[in-house]
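Q: Could we go through this model together? I should like to begin with a single residue and then widen the view.

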Amino acid sequence: MLSGPIELLNQLLDGREAARMQTPESYGDISEEGARSLVTLAYFASQSVEEGRYPRFRIFVAPRGGTTQVPDPWQLGRFAVAIPLLDVDDLRRLAPCAASHDYALEVEEHGNHVVCAGIRLAHSGEGATEVLSTSIWARHVRPGLMIRVDAPGELRVSESQRAWDLRAGGLADLGSLPTHPHPRWLDPLAKRLATKPRLETHVNKMVFFAWNELLHSSSEAGRGGCFVILPKAPVDAKSAMSEFEMSLKYPITSMGLGKAVADFVEICKGSPTPAHAEQWKGAVNEWLKARYALLSLVESLARLSGVDGCTVFDSDLNLVGFGGKILMTAMEHKRRLRDAIANKFLSADVMQKTGTRHLSAFHLCEAHEGVCCYVVSQDGHVTAFWSHGKIVERWKPYPAWVKRSDQF
């Protein structure tokens with residue numbers, strides 16, 4: 001069944017008014033009619049070309065009362081006169097102001113219509129991905145309503161710890177989709193990286209987010225790729241060849257995603273609650289710089305996957321190299337292939353009908369215990385493989401875009 005803005009609004013508005021009366025701080029300060037108008041405008045504006053390009057932008061509606069304890073540090077500026085959003089062109093013309101993942105148009109409801117009141121940094125509280133609960137920001141800013149336009153007809157709407165994604169005529173409740181559990185590497189990695197036991201959960205969530213952001217960026221690039229996580233650390237190019245039969249054309253040292261995540265969490269949790277506005281601004285600036293450095297590293301790693309071959313990490317998420325080639329070929333099957341979502345075994349022969357990347361990833365996992373591979377197709381779909389015991393699990397499709405958090 002195809003879905004559109006009407007179905008999205010039905011999900012968003014179901015029981016919203018009654019819940020908003022109970023906890024207004026968790027919802028955007030906008031009526032049901034205002035939310036209906038805003039989502040509809042965003043949907044049709046997403047399909048309206050501006051100077052030959054389809055817009056990508058965000059809209060934010062603050063909750064009643066806005067921020068707590070301190071002035072809102074994310075508000076960049078307010079218009080001297082609020083701009084009414086009466087039709088698609090009104091929103092289309094403003095969309096370039098919020099064309100980055102980092103910015104949003106701040107919308108308010110004045111009387112019987114919605115208006116754009118200003119521009120702000122875009123950080124919502126999408127509860128379906130509980131990431132960055134460790135941040136300075138999360139202690140002070142309430143989530144409100146966030147509408148994110150990704151492409152023509154593609155919207156993400158999040159409010160009050162719920163999120164929905166309208167994409168290619170399908171509507172997904174992001175809080176109900178099965179999530180690949182990252183077996184064999186995420187939990188032990190978080191335990192090793194956390195400098196204090198109380199930070200382990202936060203590191204776990206941040207690694208989960210950063211890895212999905214990496215896959216998402218690679219998927220959006222449209223060049224395909226394969227990410228491999230080996231089950232030991234440290235690993236260099238020589239041991240990758242001798243132990244895992246992988247030839248790395250471009251070995252690399254000193255690019256560690258795991259440590260970068262742990263350092264970021266340390267900054268988030270180590271920052272004291274600011275006593276006044278100036279201290280608050282300073283703390284926010286430090287957080288933003290650290291966040292920018294982490295996202296820049298993630299983006300750099302994603303770009304490496306566009307080079308022919310696989311991108312290889314050790315179990316601490318240190319980059320071993322890229323442009324890798326898996327040298328092993330078909331063998332007598334020592335592990336059974338299982339569809340991890342459907343929880344049923346498959347014939348290994350189905351892999352013969354896939355591409356080279358998928359088949360090589362399957363053979364690598366089949367040959368070595370604990371290896372995990374993420375294959376990104378040129379059409380953007382992601383398939384995960386991992387091995388344990390006598391089984392190779394396949395998670396297809398792995399929706400990397402599902403957990404892309406609006407909190408960043």
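Q: Is Ser-158 buried or exposed?
A: Ser-158 counts as buried, because its relative accessibility is 2%; buried means under 20% relative accessible area, exposed over 50%, and partly exposed in between (1.4 Å probe, protein chains only). Ser-158 lies in strand β6; helices (H or I, at least four residues) and strands (E, at least two) are DSSP runs, numbered from the N terminus.

Q: What should I know about the source and the numbering?
A: This is a predicted model, in which local features need pLDDT of at least 70 and side-chain atom pairs count only at pLDDT 80 or more, whereas totals for chains, interfaces and linings use all residues. Residues are numbered from 1 along each chain as its sequence is written, and side-chain values use heavy atoms, with hydrogens and water left out.

Q: What is the average pLDDT of the chain?
A: The chain averages 83, and 84% of the residues score at least 70; pLDDT is the predictor's confidence in each residue, from 0 to 100. Over residues 124–140 the pLDDT is below 50, yet this stretch has 70 contacts in the model beyond near neighbours in sequence, where contact means heavy atoms within 4.5 Å. Residues 403–408 also have a pLDDT below 50, with 45 contacts beyond near neighbours in sequence. Where pLDDT is low, the predicted coordinates should not be read in detail.

Q: How many helices and strands does the chain have?
A: The chain has ten helices and 17 strands. Of its 408 residues, 53% are buried.

Q: In what order do the strands of the open sheet of eight come?
A: The order is β2-β4-β3-β1-β5-β6-β7-β8, with mixed pairing; two strands pair if DSSP finds at least two bridges between them. The edge strands, β2 (75–84) and β8 (170–173), each pair on one side only. On average, neighbouring strands of this sheet are turned by 20° against each other, direction ignored.

Q: How many bridges join β5 to β6?
A: Six bridges join β5 (residues 145–151) to β6 (residues 154–159), and the two strands run antiparallel. Within this pairing, Val-157 of β6 is the bridge partner of Ile-147.

Q: Which strands does helix α1 touch on the sheet?
A: Helix α1 (residues 5–13) packs on the sheet and touches β5, β6, β7 (162–167) and β8, and its direction makes about 175° with that of β7. Axes are lines fitted to C-alpha atoms, for helices over the stretch in contact, and angles run from 0 to 180 degrees between N-to-C directions.

Q: And where does helix α3 lie?
A: Helix α3 (residues 32–45) lies across β1 (57–61), β3 (103–110), β4 (113–121), β5, β6 and β7, running at about 175° to β1. The buried residues of α3 include Leu-38, Val-39 and Leu-41.

Q: Where is Ser-46 placed?
A: Ser-46 is in the loop between α3 and β1. Ser-46 is buried, with a relative accessible area of 0%.

Q: Which backbone atom does the side chain of Ser-46 reach?
A: The side chain of Ser-46 reaches the backbone nitrogen of Gly-153 at 2.9 Å. Leaving aside residues up to four places away in sequence, Ser-46 touches several residues, among them Tyr-54, Pro-55, Val-149 and Leu-155.

Q: Turning to another strand, why is β17 described as largely enclosed?
A: Five of the five residues of β17 (residues 391–395) are buried, so the strand is largely enclosed by the rest of the structure. Ile-391, Glu-393 and Trp-395 point one way from β17, while Val-392 and Arg-394 point the other way. In a regular strand the side chains alternate between the two faces of the sheet.

Q: In what sense do β13 and β17 pair, parallel or antiparallel?
A: Strand β13 (residues 336–339) and β17 pair in the parallel sense over four bridges, and Asp-339 has Arg-394 of β17 as its bridge partner.

Q: How many bridges join β16 to β17?
A: Five bridges join β16 (residues 382–388) to β17, and these strands run antiparallel. Trp-386 stands opposite Glu-393 in β17. β16 and β17 form a hairpin with two residues between them, and Gly-389 in the turn has a positive phi of about 55°.

Key:
Polar contact = N/O pair within 3.5 Å; in protein donor to acceptor, adjacent residues only side chain to side chain.
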